[in-house]
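Here is a short briefing for a reader new to this structure. Take a look at the model first, then read on.

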Amino acid sequence: MKVLALLLVITAVGVCYYKVSRLGVPLAPDESTEVWTVEATLTFDGIGQSAKAALAIPSVPPGFTVLDESFVSSGFGLATEDEGANRVARWAARDLRGKQTLYYRVVLNEDGNNNRDRETPVPIYPDIPEYSAPERAAVFALLENVRSRSADTGSFAQEMLRRFNDPTPDSEVKVLRDDTARPLEQVHKLQYVLAGARIPTRIAYVLPLAEGLRHGSLRPWLEVYNGERWLAFNPITADQGFARDVLVWHVGALPLVALDGAENADVDFSATRASRDVMGLAQQRARLLNSDILEYSLLSLPIATQNTYKVLLTVPLGALVVVVLRNFIGFRTFGTFMPVLIALAFRETELIWGCILFTLLVALGLIVRFYLERLKLLLVPRLASMLTIVILLMAFVSIISHRLGMEHGLSIALFPMVILAMTIERMSIVWDEAGPKDAILSGLGSLAVAAVGFLVMTHPLMEYLAFVFPELLLLVLAFTLLAGRYTGYRVSELWRFRSAARAIARR
Amino acid sequence: MRSPATLRRLGILGMNQRNGDYISIYNQRRFYPLVDDKLKTKQLALEAGIAIPELYGVIEIEHQIRNLDDVLADRREFVIKPAQGSGGNGIMVIGGRHGSQFVRSSGASVSRAELEHFISNVLSGMYSLGGLPDKAIIEYRVQPHAVFDAVSYQGVPDIRTIVFRGVPVASMVRLPTRQSDGKANLHQGAIGAGIDLASGHTVDGVWFNNVLAAHPDSGNAVRGIQVPDWDLLLELAARSYDLTQLGYLGVDVVLDRTHGPLVLEYNARPGLNIQLANQMGLLNRLEKVRALTSIPDSAAKRVELGKRLFGDA
């Protein structure tokens, strides 16, 4: 049986984990996440002949999931293809004249899980460049210095960057660094120096994302190959890894844009950010992944049915509360699942008023019941009479509370009359057989368990989890199965047997 | 409050363990009807020769109520109870006759018509578990043995013995008090006094979870009373295992002035209060019996085994 419980747990956790990690279904209700919309605008001039334009576009950018991609380029033929570690969009058209504008738009979701260093393509190790004499001395001195302060390629590169960017540089760095150079040239210089240690490098052109970005442009970052994968570094701060708000556009030698038969290419970048509800994104992502798991979930049912299930799926949680409070703590209740039904009834009346109404109606009902007792009725007609009287009592309480201006008495409308009638009947029998103390204890126990059950079942997180991850109810099942074999003490017994324990211990 | 580890060490049996490790394993469901229906119990006991209060008659259908006189004959004392009743419900005890009236044990008088009406109610299931149609048993009214007079208030004290695999493991006497309204029900205020299995002597009693030495109504000491016919009583309990086939059984016996120990009823789910009454945990005793590889066939030998293993003397 433990095997069965284990299987249930594994299934539950497994399905849940898949949904959360692969599809990004949120673990808490109302989560939203940031979605970026980035646009690249390519402009060029047609010179009266057939032209081809090629624009590098993002290819599985680290740290993001691509949700959608679109091109605006009427009149052009369009093809996209992979080229090494990059992707390229190629437009072509005949007889182009005048200014042309082409748009590329990509919608991305920040996805921390996707931030893995890339492993391909595997580069060739560069030969040591032909340095000039003064350069050579500086380069090797610098390399030696850095090597002595680093443990592997990654830390080597980081140390190199740190020194290179030091505001008070060493003499070797002074020789090599040109403070007036543009960022791209500086990174080229870094590559030149690192080649002295035969470390493969490439440039990753990234777009720093900011809300409301217009006329943005790509920045060069440095990627270094450590034998297994490409490590990314901010060439100025020496931080490793692509930052959260940086989008890798293209890497390596491939140019951002290449024109054939046209002139004056210019690429402009803009970006905006918006919040999107995570649940919707997860469904979209599931569709993109051709994953059916969300299609077969409760979310595909009509809304009315969904709402019913939202309540139904919390009932096992209520049952779990009953199991724990009865078998582990030792509460006494009427009936096994009466408290769960009472808890469901509390959904109409809220907790405090529900308890008050419940107590009031049961007390009134008991008084009536004791009168009925004197009539010596048979069981079934007695129950039917009780039911009728209970409903009349409820109507009475509603009217009175309305006249007194208390609106809560009206929410009784769907309070389960049958449960009330049964409770009154059971309670009066226990009263007769075992005395008032037992009856009241069991009654209060039922109410307490119902209250706890209500709090658990209506907790927003619980309602959400039970509905979106119904497989977690398998965990509840596994627990109740295991609890079926629990032969330990109930907390109430620790108190009940204290005198016997004392006596035995003394002996 | 004690910790669970302490209770475990002291050998206290909890409800979860009683249900999971003992009742569900040693009591098969199909034998339950034999003990829930008092009529079946009586018939089985008669066949097996186990002493019970004499059965005067059974009323099964309304029509038979007419022949009540034949059943009652001239008896002045008798008890009418439902065959499937629970607790002490629906029991009418008649202590005498006064002309055409019957006098209840409480002193109130009932007419013949009221008596018939009561039986009719019993038949229709008013006092039975689940409200099912029932039968009315008319039986001998037990005259309690005088031995407990000093520590009992009205009612009939009864002796409950737990019999595990046919071996008696523990016993207690339930003494009615004014608080319990003459009922031998611990929840309602009766005193539970443990009985040493070897000698049949009572020990201190427990009242609502607290130890007490003297009966609250009479002030007399509860401890040290010798139960008469103790060995016979234990043997009745042991033989009940053969009768009912229930491995974890509660046997309720009353001591009659003239007839000695009589089995009143059986319980397939005996409670845990016996531990409080004896100020001792059941676990050690049950484990000892569980560990036995062979249990003697004869009831007398099993009684001897119980006395030897668990007697204080």
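In what order do the six strands of the open sheet in chain B run? The order is 1-6-2-3-4-5, and the pairing is antiparallel. This is a predicted model: local features need pLDDT of at least 70, side-chain atom pairs count only at pLDDT 80 or more, and totals for chains, interfaces and linings use all residues. Residues are numbered from 1 along each chain as its sequence is written, while chains are lettered from A and ligands numbered from 1 in the order in which they are written.

**The sheet in chain B**
- Helices (H or I, at least four residues) and strands (E, at least two) are DSSP runs, numbered from the N terminus.
- Two strands pair if DSSP finds at least two bridges between them.
- Strand 1 (55-59) and strand 5 (109-110) of chain B are the edge strands, and each pairs on one side only.
- Four bridges join strand 2 (residues 78-82) and strand 6 (residues 136-139) of chain B in the antiparallel sense.
- Ile80(B) has Ile138(B) of strand 6 of chain B opposite.

**Where the chains touch**
- Chain B brings 31 residues to the contact, and chain A brings 27 residues. Two residues are in contact if their C-beta atoms, placed from the backbone, lie within 7 Å.
- On the chain B side, at least two residues each come from helix 1 (4-10), helix 2 (15-26), strand 11 (210-212) and helix 8 (273-278).
- Helix 2 of chain B gives the most to that side, with five residues.

**Nonpolar cores**
- A nonpolar core is a set of buried Ala, Val, Leu, Ile, Met, Phe, Trp, Tyr and Cys residues joined through C-beta atoms within 7 Å.
- A residue is buried if 20 or more other C-beta atoms, placed from the backbone, lie within 10 Å of its own, exposed if 12 or fewer, and partly exposed in between.
- The largest nonpolar core has 70 residues, of which Val163(B), Val169(B) and Val253(B) touch the most other members.
- Helix 7 (residues 230-244) of chain B gives the most to this core, with eight residues.
- Another core, of 57 residues, lies apart from it and includes Ala51(A) and Val187(A).

**Positive phi in chain A**
- Most residues other than glycine have a negative phi.
- Asp95(A), not a glycine, has a positive phi of about 50°. Asp95(A) sits in strand 4 (residues 86-110) of chain A.
- Arg198(A), also not a glycine, has a positive phi of about 55°. Its place is the loop between helix 5 (183-195) and strand 5 (201-208) of chain A.
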